[in-house]
Amino acid sequence: MIADDLHAMRSVAVAVFDTVGEAELARLRLQDAGISCVISGTGTAGLPAAMFSGVAARVRIMVAKSDAEAARAVLEAE
């Protein structure tokens, strides 16, 4: 649990999307560039949380703080 908390403190959002599909495409681009990332903000079965709560939610791509600049460059390249 503590390791997960420390990992979360060291990660930052580099992009925000309205759908999981858009986030997945970005995740694949980052992984192809050798940048580890995770998708955060999804709800049940990988669907956006807003579908279940009635509140607008966004899907974020999270990367290690040390990879943030490179990740943004990859995502902005296209």
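Which exposed residues does the face of α2 turned away from its buried side carry? Leu 25 and Asp 32 sit there, where exposed means over 50% relative accessible area, buried means under 20%, and partly exposed covers what lies in between (1.4 Å probe, protein chains only). Before going further, some ground rules: this is a predicted model, local features need pLDDT of at least 70, side-chain atom pairs count only at pLDDT 80 or more, and totals for chains, interfaces and linings use all residues. Residues are numbered from 1 along each chain as its sequence is written, and side-chain values use heavy atoms, with hydrogens and water left out.

Of the 78 residues in the protein chain, 23% are buried. The accessible surface comes to about 5,200 Å², and carbon and sulfur atoms hold 57% of that (Shrake-Rupley method, 1.4 Å probe; for residues, only the protein chains shown count as cover).

Back to α2: its 13 residues reach 18 Å from first C-alpha to last, close to the expected 18 Å at 1.5 Å a residue (the expected span being 1.5 Å times one less than the number of residues). Its buried residues are Val 20, Ala 23, Ala 26 and Leu 30. Seen down the helix axis, these fall within an arc of 120 degrees, so they line one face of α2; the arc is that of the directions from the axis to the C-beta atoms. An α-helix has 3.6 residues a turn, so residues three or four places apart point the same way. The buried residues of α2 pack against β1, β2 (37–40), β3 and α4. After α2 comes Gly 34, with a positive phi near 85 degrees.

The largest nonpolar core has 15 residues, and Val 14, Phe 17 and Leu 30 are among those with the most contacts inside it. Such a core is a set of buried Ala, Val, Leu, Ile, Met, Phe, Trp, Tyr and Cys residues joined through side-chain atoms within 4.5 Å. At least two core residues come from each of β1 (11–17), α2 (20–32), β3 (59–64) and α4 (68–76), with α2 giving the largest share, four residues. Leaving aside neighbours within four places in sequence, Val 14 is in contact (heavy atoms within 4.5 Å) with Ile 61, Val 63, Ala 68, Ala 71, Arg 72 and Leu 75.
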